[in-house]
Amino acid sequence: MSQAQHCNATIEYQPLSPAHFAAVIALGNQVHGDGYLTAELINTYYQQGQKDHHNAGVVALDSQGLAGFRLAFAPGQWQPDQWCSPTLWGIPVAQVGYFKCNTVRPDLQGSGIGGALLKLSIQAFIAQGALAGVAHLWVQSPGNAAVRYFSKHGGELVKIHPDKWREDSLNGYECVRCGFDCHCDAAEMLLRLR
């Protein structure tokens with residue numbers, strides 16, 4: 001895909017592939033909490049990112065291995081759930097992709113990798129026919145960094161959803177803030193692509 005220089009290290013960006021799954025699961029669980037990703041989930045998420053010969057999932061690699069990843073679902077390859085407000089989007093669901101998560105290795109956070117991953121997923125979404133992408137951002141992230149980051153890239157707040165990840169936590173996901181009884185809020189945000 002592309003390369004970028006940062007901190008005297010070369011970052012290479014590639015489409016997500018099964019060869020990356022083990023490292024993605026490990027980094028996702030390290031950053032977001034144990035149980036956030038599993039082999040079953042990553043395989044499903046990978047399939048949901050594919051449409052029209054374009055892959056919306058992206059990884060960033062450096063000399064140490066996986067530097068970061070973005071999981072994203074192509075328009076038409078996912079279904080809104082109770083945490084989505086499609087009537088507030090103003091765009092048909094079939095033309096909206098889903099930004100599942102953006103994860104950067106802790107030693108590289110704040111280095112621009114997250115923004116580069118987002119841009120590559122946006123390019124894939126556009127090629128897949130999306131007019132927008134929706135995401136759920138972690139409101140309780142330190143300094144509300146997740147919402148600030150997505151807003152900086154053009155994301156617009158749609159709605160705040162209390163206890164978004166509670167059911168997941170009761171089923172084995174260990175939130176890095178709340179443990180197995182998560183009460184974190186999600187900011188549903190829409191990013192218009194055109």
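Tutor: Asp107 counts as exposed, at 52% relative accessibility; exposed means over 50% relative accessible area, buried under 20%, and partly exposed in between (1.4 Å probe, protein chains only). The model is a predicted one, in which local features need pLDDT of at least 70 and side-chain atom pairs count only at pLDDT 80 or more, while totals for chains, interfaces and linings use all residues. Residues are numbered from 1 along each chain as its sequence is written, and side-chain values use heavy atoms, with hydrogens and water left out.

The side chain of Asp107 meets that of Arg105 in a salt bridge, 2.7 Å from N to O. A salt bridge here is a side-chain nitrogen of Lys or Arg within 4 Å of a carboxyl oxygen of Asp or Glu. Side chains of opposite charge can pair when their charged atoms come close.

The structure holds four salt bridges. One of them joins the side chains of Glu156 and Arg192, at 3.5 Å from N to O. This pair links distant parts of the chain, 36 residues apart: Glu156 is in strand S9 (residues 156-161) and Arg192 in strand S10. Helices (H or I, at least four residues) and strands (E, at least two) are DSSP runs, numbered from the N terminus. Glu156 is partly exposed at 39% relative accessible area, and Arg192 is partly exposed at 40%.

Another salt bridge brings together the side chains of Asp181 and Arg166, at 2.6 Å from N to O. It also links distant parts of the chain, with Arg166 in helix H5 (166-170) and Asp181 in the loop between H5 and S10, 15 residues apart. Asp181 counts as partly exposed at 33%, and Arg166 is partly exposed at 29%.

The largest nonpolar core has 32 residues, and Val24, Leu37, Phe69, Leu71, Trp78 and Val96 have the most contacts inside it. Such a core is a set of buried Ala, Val, Leu, Ile, Met, Phe, Trp, Tyr and Cys residues joined through side-chain atoms within 4.5 Å. Among the elements that give two or more residues to this core are H1, H2, S6, S7 and strand S10 (186-192). Apart from this core lies another, of 18 residues, including Leu118, Ile122, Ala187 and Leu193. In soluble globular proteins, nonpolar side chains tend to be buried together.

Trp78 touches, among others, Gln48, Phe73, Trp89, Val96 and Val134, not counting residues up to four places away in sequence; contact means heavy atoms within 4.5 Å. Gln48 belongs to helix H2 (residues 39-48), where Ile42, Tyr45, Tyr46 and Gln48 are buried. Seen down the axis of H2, these buried residues fall within an arc of 160°, so they line one face of the helix; the arc is that of the directions from the helix axis to the C-beta atoms. On the other side of H2, Ala39 and Glu40 are exposed. The buried residues of H2 pack against helix H1 (21-32) and strands S3 (50-51), S4 (54-55), S6 (65-73) and S7 (96-104).
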